[in-house]
Amino acid sequence: MINRRHPSESGPAAVRLPVPTSSSPARRRRRTTAATTTAVEEGSIESLCEQLGLKMTGQRRMIARVLSSATDHPDVEEVYRRAVAMDSRISIATVYRTVRLLEDKGILNRRNFGNGRARYEPNDHGQHHHLIDIDTGKVIEFEHPEYDRLLRAIAERLGFDVVSAKLEVFAKRAGSGVPSAKREAS
Amino acid sequence: MGRSPLDGVTRRCERAVVTAYRELRGTGVGDIQAFHSCSTLYRIHHPEASLEEARRLVAEWIDHHVVRGDTGPTPGCDCP
């Protein structure tokens, strides 16, 4: 199993752990993109929008940059908080509208990690899955080629080809559910 | 008498949402809180709507009327 990254979902001040070498080129490019950079980087959300012919207003461009530079899975309010730190005139309504537009255009993927808030990630970094720590909300991305092969084999046996499969594992850190005294005794 | 920016808006729910957003912001309520209040207001008009649907429309309307100051038609429900 390949652990892709260990982002925190708690906001911009989150600790960013080292990026594993298995990250896709697109994600590596995004990590090097500062939200305030003015040039449009190839493969960024901004450049995808331009390729699709979307009208890029200044605020839409900024939201695209915030999303491109995110290494976690922000919800709309988190995107808003990051954008408003750069331009206090931006509105949550504009962020909502832009995020939905990007989702409709297939640039963003919406993910639901169980707390009722949709979270978003760019739709450009290949097959991967998520493990959600139910105590802290942290999300760990991972790849598991054997699991993917197994899914393909199951689908094939049933006469289908897998088009898309996303695994979301809700988990507690090993041992965290057991009282410490009990752990010591065992 | 001057023309109101909502003169072209025929939906009662849309007028209510945009007016409430403006007034809430005008009294110092934060953007996120005002947005959520307006989503709730929309669902009072349309209890059949999901929260997601309400947020989507409220975002459309606020962005259209308040942020961009547009006066053209907006997507939305069929209510009067």
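Which helix of chain B is the place of B:E60? B:E60 sits in helix 3 of chain B, and the legends below start from the two chains and work towards that residue. This is a predicted model, in which local features need pLDDT of at least 70 and side-chain atom pairs count only at pLDDT 80 or more, while totals for chains, interfaces and linings use all residues. Residues are numbered from 1 along each chain as its sequence is written, and chains are lettered from A and ligands numbered from 1 in the order in which they are written.

**View 1. The elements of the two chains.** Chain A holds 7 helices and 6 strands, where helices (H or I, at least four residues) and strands (E, at least two) are DSSP runs numbered from the N terminus. Reading from that terminus, the order in chain A is β-α-α-α-α-α-β-β-β-β-α-β-α. Chain B has 3 helices and 0 strands, in the order α-α-α. A residue is called buried if 20 or more other C-beta atoms lie within 10 Å of its own, exposed if 12 or fewer, and partly exposed in between, with C-beta atoms placed from the backbone. By that count, 29% of the 186 residues of chain A are buried, and for the 80 residues of chain B the figure is 28%.

**View 2. Strand 4 of chain A and its partners.** Strands pair here if DSSP finds at least two bridges between them. Strand 4 (residues 129-133) of chain A pairs with strand 5 (residues 139-143) of chain A in the antiparallel sense over 4 bridges. In this pairing, look for A:I132 opposite A:V139. Strand 4 of chain A is also joined by 4 bridges to strand 6 (residues 168-171) of chain A, and these two run parallel. Here A:L131 is found opposite A:V169.

**View 3. Helix 2 against helix 3 in chain B.** Packed helices are described by the angle and the distance between their axes. For helix 2 (residues 31-45) and helix 3 (residues 51-67) of chain B, the axes come within 9 Å and cross at roughly 115 degrees. Axes are lines fitted to C-alpha atoms, for helices over the stretch in contact, and angles run from 0 to 180 degrees between N-to-C directions. Helix 2 of chain B contributes B:F35, B:C38, B:S39, B:Y42 and B:R43 to the contact, and helix 3 of chain B contributes B:L51, B:A54, B:R55, B:L57, B:V58 and B:I62. Residues are in contact if their C-beta atoms, placed from the backbone, lie within 7 Å. The residues of this contact comprise 8 nonpolar, 1 polar and 2 charged; Ala, Val, Leu, Ile, Met, Phe, Trp, Tyr, Cys and Pro count as nonpolar, Asp, Glu, Lys and Arg as charged, and the others, Gly among them, as polar.

**View 4. Where chain A touches chain B.** The contact draws 9 residues from chain A and 11 residues from chain B. On the chain A side, helix 4 (76-86) and helix 5 (92-104) each supply at least two residues, and helix 5 of chain A gives the largest share, 6 residues. That side of chain A divides into 4 nonpolar, 2 polar and 3 charged residues.

View 5. In helix 4 of chain A, the buried residues are A:V76, A:E78, A:V79, A:Y80, A:R82 and A:A83. Their cover includes helix 3 (58-69) and helix 5 of chain A together with helix 2 of chain B. A nonpolar core is a set of buried Ala, Val, Leu, Ile, Met, Phe, Trp, Tyr and Cys residues joined through C-beta atoms within 7 Å. The largest one has 37 residues, and those with the most contacts inside it are A:L67, A:V79, A:V95, B:V58 and B:I62. Leaving out residues up to four places away in sequence, A:V95 touches A:I63, A:V76, A:V79, A:Y80, A:A83 and A:I90.

View 6. A:G106 lies in the loop between helix 5 and strand 2 (108-112) of chain A. A:G106 is exposed because 11 other C-beta atoms lie within 10 Å. The C-alpha atoms of A:G106 and A:N123, 17 residues apart along the chain, are separated by 6.9 Å. B:E60 has 18 C-beta neighbours inside 10 Å, so B:E60 counts as partly exposed. Not counting residues up to four places away in sequence, B:E60 touches A:R97, B:T74 and B:P75.

Methods
Contact = placed C-beta atoms within 7 Å.
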